[in-house]
Amino acid sequence: MVPAYASAAGPTPAEAVASLRGAAGAPRVAVAPYLLAPGFFADKVRRDTLAAGADVVADVLGPSPELVEVVLERYTSALRHEPVRVPA
């Protein structure tokens with residue numbers, strides 16, 4: 001597993017795929033973007049990683065009950081000015 005970043009930091013997802021394919025000699029590369037919704041970054045990650053040699057790119061996370069729960073919990077904490085709890 002190699003972390004990569006769609007904006008600001010490196011390596012980019014395409015660079016990570018290229019390094020896995022090249023120096024690491026990975027026979028297959030799957031990309032799992034940690035993005036919440038479709039749009040610019042999701043399209044860019046898919047396009048660039050497939051061009052760099054990824055075999056498959058997962059879809060965005062999209063709506064889920066767990067995500068809604070986390071967002072509501074953090075919103076409620078912010079309203080109360082409580083510190084954010086980080087799950088273990």
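Partly exposed denotes a relative accessible area between the buried range (under 20%) and the exposed range (over 50%), computed with a 1.4 Å probe on protein chains only. The model is predicted: local features need pLDDT of at least 70, side-chain atom pairs count only at pLDDT 80 or more, and totals for chains, interfaces and linings use all residues. Residues are numbered from 1 along each chain as its sequence is written, and side-chain values use heavy atoms, with hydrogens and water left out. A search of the whole structure returns three salt bridges, each defined as a side-chain nitrogen of Lys or Arg within 4 Å of a carboxyl oxygen of Asp or Glu.

**The Arg-21 and Asp-55 pair**

- Arg-21 forms a salt bridge with Asp-55, with 2.7 Å between the closest N and O atoms.
- Arg-21 belongs to helix H1 (residues 13–21) and Asp-55 to the loop between helix H2 (40–51) and strand E2 (56–57), so the pair ties together parts 34 residues apart in sequence; helices (H or I, at least four residues) and strands (E, at least two) are DSSP runs, numbered from the N terminus.
- Asp-55 is partly exposed at 34% relative accessible area, and Arg-21 is likewise partly exposed at 27%.

**Pairs of Asp-48**

- Asp-48 forms a salt bridge with Lys-44, their closest N and O atoms lying 2.7 Å apart.
- Both Asp-48 and Lys-44 lie in helix H2, four residues apart, or about one turn of the helix.
- Asp-48 also forms a salt bridge with Arg-47, where the closest N and O atoms are 3.6 Å apart.
- Through shared partners, salt bridges join Lys-44, Arg-47 and Asp-48 into one network.
- Relative accessibility is 25% for Asp-48, 30% for Lys-44 and 48% for Arg-47.
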